[in-house]
Structure formats: C-alpha cells, structure tokens
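Hi there,

Here is the structure I promised to pass on to you. Have it open while you read, and my notes on it follow below.

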Amino acid sequence: MTKAKILHKDISSGNILIVGDAGILIDWELCRRIDTETARSYEKTVSLFTFSTIAWSDCLVYQGTYQFVSARLLLNTTQEHVHNVGDDLESFVHVLTWAAIKYASNELTPANRSHHLKNFDSVQYAAFSKVEFFQRDMLAIESIGLKQQPLSAVLEAIYTGFGHRYGSLEHKKLKKLNQQAAEAELEKLETHDWLYNTLRDALEDSEWKAATDGRVNQEVLEDDKYLTNRQKNRKKSMIPEYEEELNSNAKRSRRG
Amino acid sequence: MTGFGELKNEARDEPFTLGQPLYSFDTEVPFESDTMCGRDTRGQITLYANAIQATQFRTHSFSFFINRTNCRLIHWSRSCAIVTEEFDYTKSPWLAEFFWRLSHASKAARGFDTTFTSTTNKTEEKKARAALHLKNTDALYKVVVNDDVTGKDTFYIVSKPFTNNHIFPVGRGTRCFKAYDCQTRAVVLLKDTWRVDKYEKEGSVYRELHKAGVRNIATFIAAGDVGHVCGETEIFSDVPEVKRPRVHFHYRLVIGTIGTSLTQFSSTWQLVSATTSALIGNFLFAYP
C-alpha cells in the first residue's frame with residue numbers, strides 16, 4: 001500500500017462536493033505533510049489570533065471548520081495532540097452526522113434538531129456535546145430516529161467504533177476483560193481502513209441505493225437564545241429599516 | 001469609491017488609546033480602547049472598510065479618521081489595519097498631503113486590483129455569457145492566471161463569485177467563480193484567494209496528489225501568485241513573531257471540476273457515497 005503524505009485538515013460539509021455519485025475533496029489550503037511530526041509554530045499563533053476574543057479558553061489549537069473539528073482537538077488546549085489522520089477521519093463522521101440531523105428525514109422535533117445543530121456551532125459546548133454523543137455511541141444515533149434504516153445502521157456502527165476513543169461504556173467493559181483488544185479498538189480509528197470498509201460495505205445495499213430520499217428542508221427553531229443581551233439590543237436598534245426589509249422579505253418568501 | 005473618512009466630535013468616541021496607561025499599575029496599554037463608545041467607533045469604521053473590499057476587487061484601501069482636531073490615517077488590507085499616530089490636522093499638513101498623494105497615485109497604488117480587467121472581445125464575451133448562463137446586463141471581467149510552474153499565462157472570463165467568504169474584513173477572502181476558459185472554451189472553477197504565507201500552495205498540493213495517483217480530487221488546470229502581498233512591512237520588524245499579523249499572498253487557482261454542494265444530496269445513499277469517495281481522496285490508499 002502506498003500512502004500520499006498529505007493530510008487535508010479542513011474536512012467539512014462545504015469542502016466535499018458531489019460529482020455524479022462520487023464526491024471530491026476540495027480546498028487543500030490548510031493541508032500538512034504527515035511526516036512533519038510536530039505542529040508548526042506559526043499554526044499555533046494562527047489559532048491564537050483568530051480566536052483571541054474568546055476569554056474562557058487560554059488557547060485554542062485547532063484548525064479547520066469549527067463544526068467538524070474532532071472533539072479531542074477541541075479539548076486540546078495544551079498543544080500536546082497534533083492534528084493527525086484520526087482527526088480528519090472523525091471530521092468525516094461529524095459531517096455525516098450533521099447532514100443526517102439537518103437534511104436527512106428523521107424523527108427529531110424542531111426544538112431538538114435546533115439543539116443538536118447549535119451544539120455543533122457552539123464554541124462553548126461543541127467539544128463536550130461531541131464527546132457525550134460518542135460516549136452514548138449507537139444510542140445517540142438511535143435517538144435521531146433516521147427514517148432511512150441503512151443510514152442509521154452505518155452511523156450506529158461508526159459511533160460504536162468512535163465511542164471507544166471517548167471512553168464509552170463498551171470501551172470500559174472491554175478494557176476490563178481484555179486490555180489489548182481495547183487498545184486495538186482505539187488503533188483502528190487512527191487509519192482509514194476501518195472507517196472506509198464500514199462505509200463501503202454499507203453502500204453495497206442495493207435497496208438503499210435505489211431509494212430517492214433526497215435532502216429535506218426540515219424545521220429548525222430560530223431564536224436568539226445564544227446572543228448576549230447587548231447583542232440583542234444592538235440587533236434591534238442598529239438599522240431598523242434593514243430589519244423591516246428583512247422581515248418583509250422573509251414573509252414574502254414564506255408565502256411563495 | 002476609493003476610500004472614506006469618519007469624523008467624530010467627542011473624546012469618548014476615540015477608538016484608539018493614546019498609549020498612556022490609565023492607572024499607574026498598568027504596564028502595557030492595549031492600542032484598541034476598550035470603552036463601549038470606542039469599540040462602536042472601531043466597529044463603524046471597520047464596517048465601512050469592509051464594505052469597500054467586499055463589493056470591489058481591492059488589494060487594500062485608505063481612510064482617515066478625525067476626532068475633533070486629531071487625525072489618523074488608516075491602511076486596510078487582508079492582513080490587518082495599520083493606523084498612524086495621532087496628529088493635529090489643523091496644524092500639520094499631513095492630511096492635505098495624504099489627499100494630494102492619493103489623487104496623484106496610480107489606480108493600483110490606491111488599492112484597486114487592476115488584474116480584473118474589462119473584456120474587449122465582443123464575440124468572446126458572447127460565448128462566455130452563453131457558457132456561464134449570464135444575462136446581458138451582468139458584469140464581465142477578464143482575469144489572467146500565471147502558472148508558477150509552467151510560467152504560462154491563461155485567460156478566463158468571470159462574473160460574480162458564487163461564494164461569500166470574502167465579505168469578512170481580514171483573512172483569505174476567497175472568491176470562487178464559475179469561469180469561462182478562453183483557451184479551451186470550457187466552464188471551469190477559478191479560485192481567487194489570499195493564501196497564508198508558509199502554507200504549501202494549493203496548486204502544488206494538487207500537482208503532488210495527481211502525481212501520486214490520488215482519485216476523487218478535482219482536475220487541476222493552473223495556479224500561481226498574482227503578485228500582491230499584504231502584511232509584509234518593516235514596521236513589524238521589532239514586533240515578536242507571534243504577535244505579527246499574518247502575511248497573505250494573492251493567489252489564483254483553476255480547477256476543472258465543478259460539483260454540487262454535499263448538502264444538496266439527492267438521496268442519503270449519495271450523501272454517504274460522496275463522503276466515502278472524498279475519504280479516499282483525503283488519504284491515498286491503494287485500494288484494490
């Protein structure tokens with residue numbers, strides 16, 4: 001097996017394009033060579049500059065699109081963990097989950113759906129909610145209630161796998177029984193083989209392939225819950241004419 | 001519009017501190033004043049500067065800020081805003097000299113990106129409009145891309161970008177266009193961006209990935225620097241490296257594949273299938 005020594009580092013829903021039935025990965029601007037062992041010094045400063053206004057965190061050392069960055073990178077404020085293949089792989093998983101919650105037909109109520117999507121966006125809670133989601137492994141996916149059974153099944157399998165990385169119940173049990181097997185579970189998450197094979201096997205389902213369950217525009221609650229009072233006041237007072245215009249446009253498009 | 005000026009008449013609206021510590025125990029004073037009014041003023045002028053670079057093809061822009069008799073000149077770029085020291089414009093000639101220099105400067109020196117030119121060839125224009133499905137009233141620009149490996153110039157015709165990442169004041173400011181390739185007459189994707197210094201050029205990454213035979217990545221056409229740079233001045237030479245603003249190079253990349261967004265999937269199978277093939281593209285594995 002030959003490997004290209006380049007890591008993408010910004011896997012996101014916006015950087016995967018559909019071409020026919022296949023997908024291509026674009027935007028290789030942030031990529032890094034795998035053989036560079038340590039994080040480059042200027043990358044650390046990059047993240048410091050971009051997010052210097054976030055007071056609760058000493059230093060954020062991740063790059064990429066926030067919603068899809070791996071939980072362990074989000075939690076990693078000590079700069080010990082360097083973005084590697086395993087983080088890129090986890091980003092692919094977040095892309096699938098995010099798309100499944102937002103656009104695939106599922107049983108979430110609008111309030112729950114908004115809650116899940118906000119957790120992806122929230123600088124404060126994203127890391128913890130991602131960890132929690134993985135720890136609940138397949139039950140987390142079950143709770144979304146995806147209508148397409150094979151999609152739900154493959155995500156459940158993936159979450160059971162990644163649950164090991166964040167210490168799911170299954171991982172704890174396995175560790176007690178067989179330390180080596182538990183470590184093997186962790187290792188398989190660091191290379192492409194396991195995730196690729198899981199996805200490829202699931203895609204062989206011809207009934208699923210024939211289904212036409214395209215993107216659904218599902219209801220999401222819009223609220224200002226995450227704005228501070230000052231931000232809310234500003235939003236109101238700054239440009240009232242513009243607000244009116246926006247509201248009337250929204251009404252018009254809803255009617256149309 | 002070339003630039004703008006903002007006038008205030010209240011000391012409390014001052015967006016920048018004078019470098020004087022407020023309390024005796026303060027050792028370091030942040031240049032940006034932290035009062036509410038000061039922040040509002042900073043937001044206001046940043047909004048104006050941003051409106052210019054979001055709606056025009058600019059490399060940089062200039063503005064002046066006057067509070068009572070105190071004046072500062074500001075240079076805005078993709079890296080940062082550079083602000084001069086305060087001077088009394090009623091006593092010193094600098095503001096007048098600034099206007100004189102600005103009005104005598106070339107278009108490029110005033111910060112207009114002159115590499116976006118208007119199209120001259122009528123038949124080519126017609127073909128481009130047909131290929132890009134444009135109305136007769138849509139603006140057209142001709143862009144040149146100088147490939148940094150082959151050294152060859154290639155020309156493209158574009159209209160409005162279909163992305164909106166360039167509307168933010170600093171950063172890469174990427175604009176992606178559906179472009180008409182004047183050489184092959186095909187529709188391609190042109191990415192106009194300000195790449196960050198020290199990162200590998202995206203074009204060389206594409207070249208390497210193709211050479212390694214990686215599947216599921218876009219076909220590569222051309223890429224190269226435009227010749228504009230920002231954030232690289234000697235005024236930062238005595239600033240520690242971690243505190244310096246990022247250096248950006250204006251860069252263009254042309255790829256041959258235009259896909260649809262992953263969120264527009266026509267079936268959940270397609271969603272997973274596209275993600276899976278992108279996964280292969282992410283990291284080359286010689287799968288059987």
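**Where the chains meet**

To start with the strands, β2(A) pairs with strand β13 (residues 260-261) of chain B in the antiparallel sense, over two bridges. Within this pairing, A:Leu17 stands opposite B:Ser261 in β13(B). Please keep in mind that this is a predicted model.

How many residues does the contact take from each chain? Chain A gives 50 residues and chain B gives 45 residues. On the side of chain A that touches chain B, the elements giving two or more residues are β2 (16-19), β3 (22-25), α1 (41-50), α3 (85-102), α7 (149-163), α10 (192-203) and α11 (206-210) of chain A. Of these, α10(A) gives the most, with seven residues. By type, the residues on this side of chain A divide into 33 nonpolar, nine polar and eight charged.

**Chain A and its helix α3**

Chain A has 13 helices and four strands. It has 256 residues, and buried residues make up 34% of them. Among the contacts in chain A with a separation of 6 or more, 61% come from residues 24 or more positions apart.

Have a look at α3(A) next. Is α3(A) enclosed or open? Since 16 of its 18 residues are buried, α3(A) is largely enclosed by the rest of the structure.

**The nonpolar cores**

The largest nonpolar core has 81 residues, and those with the most contacts inside it are A:Ala100, B:Tyr156, B:Ala179, B:Leu190 and B:Val254. Helix α3(A) supplies the largest share of this core, eight residues. To see how one of these residues is surrounded, click on B:Val254: leaving out residues up to four places away in sequence, B:Val254 touches B:Val145, B:Tyr156, B:Val188, B:Leu189, B:Leu190, B:Ile221, B:Ala222 and B:Ala223. Another core lies apart from the largest one; it has nine residues, including B:Ala49, B:Phe62, B:Ile74 and B:Trp76.

**Helix α1 of chain B**

Helix α1 (residues 36-55) of chain B has 20 residues and reaches 28 Å from its first C-alpha to its last, close to the 28 Å expected at 1.5 Å a residue. Which residues of α1(B) are buried? They are B:Thr41, B:Ile45, B:Ala49 and B:Gln53. Seen down the axis of α1(B), the buried residues fall within an arc of 105°, so they line one face of the helix. Here is a handy rule to go with that: an α-helix has 3.6 residues a turn, so residues three or four places apart point the same way. On the other side of α1(B), B:Met36, B:Asp40, B:Gly43, B:Leu47 and B:Thr55 are exposed. The cover over the buried residues of α1(B) includes β1 (4-8), β2 (61-67) and β3 (70-76) of chain B.

One residue of this helix is worth a click. B:Thr41, in helix α1 of chain B, is buried because 22 other C-beta atoms lie within 10 Å. Not counting residues up to four places away in sequence, B:Thr41 touches B:Lys8, B:Asp13 and B:Pro15. By contrast, B:Thr41 and B:Asp147 are 106 residues apart along the chain, and their C-alpha atoms are separated by 42 Å.

Enjoy exploring!

Methods: Residues are numbered from 1 along each chain as its sequence is written. Chains are lettered from A and ligands numbered from 1 in the order in which they are written. This is a predicted model: local features need pLDDT of at least 70, side-chain atom pairs count only at pLDDT 80 or more; totals for chains, interfaces and linings use all residues. Two residues are in contact if their C-beta atoms, placed from the backbone, lie within 7 Å. Ala, Val, Leu, Ile, Met, Phe, Trp, Tyr, Cys and Pro count as nonpolar, Asp, Glu, Lys and Arg as charged, and the others, Gly among them, as polar. Two strands pair if DSSP finds at least two bridges between them. The expected span of a helix is 1.5 Å times one less than its number of residues. A residue is buried if 20 or more other C-beta atoms lie within 10 Å of its own, exposed if 12 or fewer, and partly exposed in between; C-beta atoms are placed from the backbone. The arc is that of the directions from the helix axis to the C-beta atoms. A nonpolar core is a set of buried Ala, Val, Leu, Ile, Met, Phe, Trp, Tyr and Cys residues joined through C-beta atoms within 7 Å.
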